[in-house]
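Here is a short briefing on one protein model. Read it alongside the sequence and the coordinates.

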Amino acid sequence: MKIIVVEDISGFNKKIKKIVNQVLVEEGLDINVLTYLQYNNDLRNIIRNKEIKIYILDYDLGENAKKNGYDISREIRGIANDWHSIIIICSVHNKKENFISSRLSILTYLSKSNNFEHNLKESIKEAIFILNQTNKVYITNHCALYHNEVLYAAKEKYSKYCIIKTFDNEFRVRKNIYELEEKLHLKKYKRYFLANEKNIVSFENNEITFKNEEKVKLWK
């Protein structure tokens with residue numbers, strides 16, 4: 001999971017990131033926080049990958065912005081077809097009706113001029129709670145994963161362990177491949193190899209290419 005902040009005013013961008021990091025420390029979480037001043041190609045690519053994200057978007061983003069927070073929200077829900085990630089909108093303007101009438105599934109619309117820090121903290125905590133309740137799969141007591149972030153699971157040669165690979169991490173767990181197939185609902189490509197079809201770009205010549213450009217050659 002990632003937290004994405006899009007805010008064109010540099011000072012406010014830093015303030016939001018600081019608030020986010022305070023919440024993560026309080027919750028004991030290690031989550032990557034990415035900040036952007038404007039919509040760009042890097043953000044476009046992040047929107048289109050299948051990772052679970054929490055977006056904190058400024059509504060306005062300035063006169064010269066390619067897209068404002070409303071446009072980005074429409075891209076997340078429409079073009080990327082991402083209805084799992086959570087969107088929080090921040091603004092000095094009252095544009096709530098735009099989001100409600102467009103049915104974009106926004107968690108909340110926060111006023112920057114009304115108890116903003118407290119309200120943002122509570123909104124981030126609520127977003128994390130929702131994602132934990134609806135998307136996490138517990139592999140062990142100490143290993144919980146979001147299904148959309150999993151790339152594959154593979155039996156480790158000559159051991160009783162399996163390797164689970166996500167977009168950002170790799171986990172070694174003492175589980176057999178059949179247990180992981182049931183828990184993670186992945187497709188079996190070999191008796192020792194499971195993959196998340198949603199994150200596969202191609203499967204040719206016994207080689208799987210994933211959305212993060214990682215390639216895995218399946219052995220016999």
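The largest pocket of this predicted model has a volume of about 490 Å³. A pocket here is an open set of points on a 1 Å grid over the protein atoms alone, where a 1.4 Å probe fits, with protein on both sides within 12 Å along at least five of seven lines. Grid points are joined across faces, edges and corners, and the volume is the space filled by probe spheres set on the points.

**Pocket lining**

- The lining has 21 residues (an atom within 4 Å of a point). Closest to the pocket centre are Met1, Asp30, Ile31, Glu149 and Asn169.
- The largest share, four residues, comes from β7.
- By class, the lining has 10 nonpolar, six polar and five charged residues. Ala, Val, Leu, Ile, Met, Phe, Trp, Tyr, Cys and Pro count as nonpolar; Asp, Glu, Lys and Arg count as charged; the others, Gly among them, are polar.

**Basis of the values**

- Residues are numbered from 1 along each chain as its sequence is written, and side-chain values use heavy atoms, with hydrogens and water left out.
- In this predicted model, local features need pLDDT of at least 70 and side-chain atom pairs count only at pLDDT 80 or more, while totals for chains, interfaces and linings use all residues.

**Overall build**

- The protein has six helices and 15 strands. These are DSSP runs numbered from the N terminus: H or I of at least four residues for helices, E of at least two for strands.
- The C-alpha trace spans about 60 × 35 × 30 Å along its principal axes.
- Buried residues make up 47% of the 220 residues. Buried means under 20% relative accessible area, exposed over 50%, and partly exposed in between (1.4 Å probe, protein chains only).
- Of the contacts (heavy atoms within 4.5 Å) with a separation of 6 or more, 52% join residues 24 or more positions apart.

**Nonpolar cores**

- The largest nonpolar core has 25 residues. Such a core is a set of buried Ala, Val, Leu, Ile, Met, Phe, Trp, Tyr and Cys residues joined through side-chain atoms within 4.5 Å.
- Ile3, Ile16, Val20, Ile54, Ile56, Phe116 and Leu120 have the most contacts inside this core. The elements giving it two or more residues are β1 (2-6), α1 (10-27), β3 (53-58), β4 (86-91) and α5.
- Leu120 touches Ile16, Ile19, Ile56, Ile88 and Leu110, not counting residues up to four places away in sequence.
- Another core, of 19 residues, lies apart from the largest one; Tyr55, Tyr70, Ala80 and Tyr109 are among its residues.

**Aromatic pairs**

- The structure holds five aromatic pairs. Rings of Phe, Tyr and Trp (its six-membered ring) pair if their centres lie within 6.5 Å; planes under 30 degrees apart count as stacked, over 60 as edge-to-face and the rest as tilted.
- The rings of Phe12 and Phe116 are tilted, because their planes are at 50°; their centres lie 5.4 Å apart.
- Phe12 lies in helix α1 and Phe116 in helix α5, so the pair ties together parts 104 residues apart in sequence. Both residues are buried.
- Ring pairs also link Tyr152, Tyr192, Phe193 and Phe210 into a cluster.

**Two single residues**

- Lys121 is found in helix α5 and is buried, with a relative accessible area of 18%. Leaving aside neighbours within four places in sequence, Lys121 contacts Ile19, Gln22, Val23 and Glu26.
- Ser105 sits in the loop between α4 (96-102) and β5 (108-111). Its relative accessibility is 48%, so Ser105 counts as partly exposed.
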